[in-house]
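Please keep the sequence and the structure in view while reading the points below.

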Amino acid sequence: MKRLPVLAVALLLAGACQAPQEENMKMLTPVSFSSVTINDAFWTPRLLIHKNVTLPVCIDQIENQTGRIRNFENAAKGEGEHSGIFFDDSDVYKALEGMAYSLQIEPDPGLEAKCDEWVAKFAAAQQPDGYLNTFYTLTGLENRWHDMDRHEMYCAGHMTEAAVAYYQATGRRRLLEVSERMANHMMSVFGPGKRHWVPGHEEIELALVKLYEVTGEKKYLDFAGWLLDERGHGYGSYGDDRVWPAVYYQDEVPVRELSRITGHAVRSMYLYCGMADVAAYTGDRELMAALDRLWDHVVNRNMYITGGIGQSSRNEGITEDYDLPNLTAYCETCASVGMVFWNWRMNQFTGDAKYIDVMERSLYNGALAGISLRGDRFFYVNPLESLGGHHRQEWFGCACCPSQICRFIPSVGNYAYATSEKALWVNLYMGSDVTVNLAGKEMKVHQTTAYPWDGSVALELGLQKPVKGEIRLRIPGWCKDYTVAVNGSAVSAPVEKGYVVLRSKWKDKDKIELVMTMPVEVVAADPRVKEDEGKRAVQRGPIVYCIEEVDNPEGFDNLALSEGMDFKLEKLPKRQWWGHEIMQISARTGEGEMTLIPYFAWDNREAGKMKVWIPFND
Ligand code: FUB
Ligand code: ZN
């Protein structure tokens, strides 16, 4: 893929930005996807499909099939109806964020013009006092800031994230200025000595930290911290027809005291991201300790094997510990993407690979299942079993998941690399080129791999002058056996928090090879998960597999795994899978053979039943 004229954008940004005043205390700094050129058999087709199929689908839905963009036009005129749900503005902002990320990967004047057009519509819809929300503008501004579940700050947060992305892609500040005006409006109404407010759907907190990072205005960081501290004191008021208790909104205890995930899954994820982002600048240890406790509660008691969370459609969220039903699992696509966002942040604090293991699980399974291989259909709910009636759709009345995927896919390069003072951290394996700063020297890295289908990875370095430093390669939790070689010679290196640490004086053309054995694994669930008693799931590397009826038409309901099975791997022809490489597994059991495909690839062919957890005969 072509690159942006990065220097030009960098100069523009340098002229307009102030550095944040506070030091970011995270141990690792992620390398932005805009500096990572992906050239990879698994990810490149997805990026192309995103640009050529998913973005046009989202734009068409927003402009033509639904009233989302018209709401902004009407709000600008101050007349006409609001159509759709009260938080539909957020989908437009998330799609714009995806468009802006796409521009950072590859310039496209047509797409850029579309972004400018939308930004002009947002700006025109802003009220003189800075308020921007088409629902209240069109249904009665006198009702605004009344019901904390009405997502006004949620929409403002998504606008802010889009504004930062658009600014980074184009150097244009227009939407950033709109976002700042909205933020200033919110701070004129709420804050210390003013009104209390607990956003019913978190999102604004992490967005305010981004706004702080890009403008250098500490008041945004402070406001994010203040909003976090509003929770858990009984200030929340969620409408006259209030349905949910405070626990649904993560408003039952102060954030520093949290130790259990509760309520709505996506809201929880965005809250934890906001807590991590604020803690990164304030060094708040209590927030970090709470996040540690929450992580343990989420990952060890409430997470599916796919990295999805949220067991129930009732509250779009959490039920009881170890209650993990498969057929009725909610596992909203946004919640899996939220798991990626949050675990990425946790890794940056600690340099611990256990967070990337979870991030990778949610990424390759729960999140990727959210979009069809063709890029034009979406899952909102991602159950681990289907009786044949669950299918991706073109769009949804509540379209948070399509717009989430729209912004997530192009930024996937964010998750591959990070740096610290004297180390490069390789978190995800994907064919890519990146230039980083290692111990003060510019170092190019060229990564080649056929991951996630194969565990061999090669890194070749490009250096003007030798540099002393560390290269830390993540050894995924699933990997039991690996070898590392430098310039063809096997090395035995220490492993720290899940990373093999290679210390050397690196020079130009040095080559590092990591070979991870990637067997097919048959895994059992925690015995406390009653639903999975007597069942097993199949996993290979980071990929969770499932059986689909289309591959196993005979006796699907009676298929069972058993001890001592033989597994055969087969790469399927790309033309049958919309240009994607798919590794199929055939399992020969006592009774016959069954065919498994990656969970993310299910429901792309003939409709039918599906199962991740399969009965096991021992
Ligand atoms: O409420 C906004 C979004 O819509 C949530 O994150 C999703 O769960 C869906 O309810
Ligand atoms: Zn969603």
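The count of aromatic pairs comes to 35. One of them joins Phe223 and Trp226, which are stacked at 5.8 Å centre to centre with 10 degrees between the planes. The model is a predicted one. The points that follow begin with the aromatic rings and then turn to strands, helices and the backbone.

**Aromatic rings**

- A pair of aromatic rings is described by the distance of the centres and the angle of the planes.
- Phe223 and Trp226 both belong to helix H10, which covers residues 218-230. They are 3 residues apart, about one turn of the helix.
- Phe223 and Trp226 are both buried.
- One aromatic cluster is formed by Phe42, Trp43, Tyr364, Tyr429, Tyr451, Trp453, Trp478 and Phe600.
- Trp43, a member of that cluster, also has the charged end of Arg46 over its ring, 6.0 Å from the ring centre.
- Arg173 lies over the face of Tyr167, and the distance to the ring centre is 5.5 Å.

**The open sheet of six strands**

- Strands of a sheet pair through backbone hydrogen bonds, either parallel or antiparallel.
- An open sheet is built from 6 strands in the order E1-E4-E5-E9-E13-E12, with mixed pairing.
- Strand E1 (29-30) and strand E12 (495-496) are the edge strands, and each of them pairs on one side only.
- Strand E4 (residues 417-420) and strand E5 (residues 423-426) run antiparallel and are joined by 4 bridges.
- Tyr417 has Val426 of E5 standing opposite.
- Helix H14 (residues 353-367) lies across strand E9 (467-474) and strand E13 (499-506). The helix runs at about 50 degrees to E9.

**Strand E20 and its partners**

- Strand E20 spans residues 582-588 and is mostly covered, with 6 of its 7 residues buried.
- Strand E19 (residues 566-572) pairs with E20 in the antiparallel sense over 7 bridges. Leu569 has Ile585 in E20 as its bridge partner.
- Strand E21 (residues 593-598) also pairs with E20 in the antiparallel sense, over 4 bridges. Here Arg588 has Glu593 in E21 as its bridge partner.
- E20 and E21 form a hairpin with 4 residues between them. In the turn, Gly592 has a positive phi of about 160 degrees.

**Helices**

- Helix H13 (residues 333-350) has 18 residues and reaches 26 Å from its first C-alpha to its last. This span is close to the 26 Å expected at 1.5 Å a residue.
- H13 is largely enclosed by the rest of the structure, because 18 of its 18 residues are buried.
- Helix H4 (residues 89-105) has 17 residues and reaches 25 Å from its first C-alpha to its last, close to the 24 Å expected at 1.5 Å a residue.
- H4 is mostly covered, with 17 of its 17 residues buried.
- Ala276 is found in helix H11, which covers residues 265-282. With a relative accessible area of 0%, Ala276 is buried, because buried means under 20%.
- Ala276 touches Lys26, Leu291, Arg345 and Phe349, not counting residues up to four places away in sequence.
- Ala276 and Ala290 are 14 residues apart in sequence, and their C-alpha atoms are 10.0 Å apart in space.

**Backbone details in the loops**

- Tyr451 and Pro452 are joined by a cis peptide bond with omega of about 10 degrees. Pro452 is found in the loop between strand E7 (441-449) and strand E8 (456-463).
- Glu316 has a positive phi of about 50 degrees although it is not a glycine. This residue lies in the loop between helix H12 (285-301) and H13.
- Asn487 is a residue other than glycine, and its phi is also positive, near 50 degrees. Asn487 lies in the loop between strand E10 (482-486) and strand E11 (489-491).
- Is Asn487 buried, partly exposed or exposed? Its relative accessibility is 40%, so Asn487 counts as partly exposed.

Key. Residues are numbered from 1 along each chain as its sequence is written. Chains are lettered from A and ligands numbered from 1 in the order in which they are written. This is a predicted model: local features need pLDDT of at least 70, side-chain atom pairs count only at pLDDT 80 or more; totals for chains, interfaces and linings use all residues. Side-chain values use heavy atoms; hydrogens and water are left out. Rings of Phe, Tyr and Trp (its six-membered ring) pair if their centres lie within 6.5 Å; planes under 30 degrees apart count as stacked, over 60 as edge-to-face and the rest as tilted. Helices (H or I, at least four residues) and strands (E, at least two) are DSSP runs, numbered from the N terminus. Buried means under 20% relative accessible area, exposed over 50%, partly exposed in between (1.4 Å probe, protein chains only). A charge sits over a ring if NZ of Lys or CZ of Arg is within 6 Å of the ring centre and within 35 degrees of the ring normal. Two strands pair if DSSP finds at least two bridges between them. Contact means heavy atoms within 4.5 Å. Axes are lines fitted to C-alpha atoms, for helices over the stretch in contact, and angles run from 0 to 180 degrees between N-to-C directions. The expected span of a helix is 1.5 Å times one less than its number of residues.
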